[in-house]
Amino acid sequence: MIFPIVYHPQYVVPLPDGHRFPMEKFRLLYELLLIDGLVKPENIYIPEFPELSLLELVHTPDYVRAYCQGTLDNKAQRRIGLPWSEALAKRTCIAVGGTILTAKLALKFGLACNTAGGTHHAFPGYGSGFCIFNDLAIAVRVLQQLKLVKKVLIVDLDVHQGDGTAWIFKDEPTVFTFSMHCEANFPAKKQQSDLDVPLAEGLDDDGYLQILSQYLPDLLSQFKPDLVLYDAGVDTHVNDRLGKLSLTDTGIYRREMQVLSICIAAGYPVASVIGGGYAKDMKSLVYRHSLLHRASKDVYQFYRL
């Protein structure tokens with residue numbers, strides 16, 4: 001009883017020395033999951049490179065073309081915060097393919113996790129905050145186009161508001177966007193999700209989990225989604241470089257258990273992506289991300305999915 005995990009070797013590409021985006025975490029997370037026996041090679045699913053037409057279900061053709069061909073202007077590149085390369089362009093598309101595959105697997109198995117994803121700051125015509133294409137929004141549109149789902153609930157618990165996702169689905173009744181984030185953090189200009197829960201700086205485990213429990217069960221029972229897309233950012237951790245909240249490892253594990261258990265117990269499949277996480281101590285950061293997969297294994301086995 002091992003749940004499906006999505007990974008691709010091209011989730012990692014070179015960045016300049018000293019760049020603050022922790023690109024190596026994707027490979028190290030995959031290796032840690034294997035070492036700790038959370039997954040076996042036969043339970044690893046490898047995504048395909050998606051057709052560009054799928055990206056254009058959310059993003060403008062001009063933006064998709066300009067990014068993939070490396071012709072974005074310097075201002076647009078700076079807004080993304082990642083130096084363009086052909087390898088990064090391919091990696092970006094494959095990561096989107098990973099979230100699409102994760103969502104499909106969740107519908108089949110009840111639960112599935114990507115080892116990347118959560119690029120929720122990407123808007124239709126531009127990228128922002130290390131996010132180039134919005135994998136969450138694209139996965140929703142692809143599954144809807146395939147008529148695999150009608151309604152999707154996006155639960156975004158990254159420390160930063162999912163502003164791109166909120167904007168993309170602002171007038172879309174079939175998609176509910178729920179973002180619980182630190183108010184005093186990026187982006188400076190927030191968008192309007194269907195439900196925004198701004199949090200005070202320094203909020204700890206118990207305070208955070210109590211607030212979450214006030215919202216999630218009611219959202220599920222009222223919206224009744226065909227799928228839950230969960231952005232499990234660990235930049236809520238007390239030691240995160242970009243966070244401003246005060247969750248511990250235990251608190252993040254409890255959060256993952258709370259989200260997954262509530263959804264699965266109520267009969268809603270969950271597709272998870274790892275979201276943000278930034279730290280100089282790479283080993284600690286990778287472990288934090290693995291808490292999603294550890295909780296997923298526990299929930300998967302408990303509910304005998």
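## Helix α8

At which residue does α8 bend, and by about how many degrees? In this predicted model, the bend lies at S213 and amounts to about 25 degrees. A proline, P217, follows within four residues. The end C-alpha atoms of α8 are 27 Å apart, in agreement with the 27 Å that its 19 residues should span at 1.5 Å a residue.

The buried residues of α8 are D205, G207, Y208, L209, L212, L216, L219, L220 and F223. Among the elements that cover these buried residues are the strands β4 (152-156), β5, β6 (195-199) and β7 (227-231), together with helix α9. After α8 comes K224, which has a positive phi near 55 degrees.

## Contacts made from α8

D206 forms a salt bridge with R254, with 3.1 Å between the closest N and O atoms. Because D206 belongs to helix α8 (residues 205-223) and R254 to helix α9 (residues 249-265), the pair ties together parts that are 48 residues apart in sequence. R254 is partly exposed, at 36% relative accessibility.

The rings of F178 and Y215 form a tilted aromatic pair, 6.3 Å from centre to centre and with 40 degrees between the planes. Here strand β5, which contributes F178, is linked to helix α8, which contributes Y215, across 37 residues. F178 is buried, with a relative accessibility of 1%, whereas Y215 is partly exposed at 29%. At F223, the face of the ring has K151 lying over it, 4.6 Å from the ring centre.

## Helix α5

Helix α5 comprises residues 86-109, 24 residues in total. Its first and last C-alpha atoms are 34 Å apart, close to the 34 Å expected at 1.5 Å a residue. Of these 24 residues, 17 are buried, so α5 is largely enclosed by the rest of the structure. Just after the helix, G110 adopts a positive phi of about 95 degrees.

E86 is exposed, with a relative accessible area of 52%, while K90 is partly exposed at 39%.

## Other salt bridges

Side chains of opposite charge can pair when their charged atoms come close. The structure holds nine salt bridges. One of them joins the side chains of E172 and R141, at 3.1 Å from N to O. This pair links distant parts of the chain, 31 residues apart: E172 lies in the loop between α7 (163-168) and β5 (175-182), and R141 lies in helix α6 (residues 135-145). E172 has 19% relative accessibility and counts as buried because the limit is 20%.

A network of salt bridges links E24, R27 and E31.

## Aromatic clusters and charges over rings

The count of aromatic pairs comes to 15. Ring pairs join F21, F26, F130 and Y278 into a cluster. Within this group, F26 also has a charge over its ring: the charged end of R91 sits 4.6 Å from the ring centre.

Technical notes. Residues numbered from 1 in each chain as written. Predicted model: local features only at pLDDT ≥ 70, side-chain atom pairs only at ≥ 80, totals over all residues. Heavy atoms only, no water. Helix = DSSP H or I, 4+ residues; strand = E, 2+ residues; numbered from the N terminus. Expected span 1.5 Å × (residues − 1). Buried < 20%, exposed > 50% of the residue type's maximum accessible area, 1.4 Å probe, protein only. Salt bridge = Lys/Arg side-chain N within 4 Å of Asp/Glu carboxyl O. Phe/Tyr/Trp six-rings, centres within 6.5 Å; stacked < 30°, edge-to-face > 60°. Lys NZ or Arg CZ within 6 Å of the ring centre and 35° of its normal. Bend = angle between axes of the 7 residues up to and from the residue. Contact = heavy atoms within 4.5 Å.
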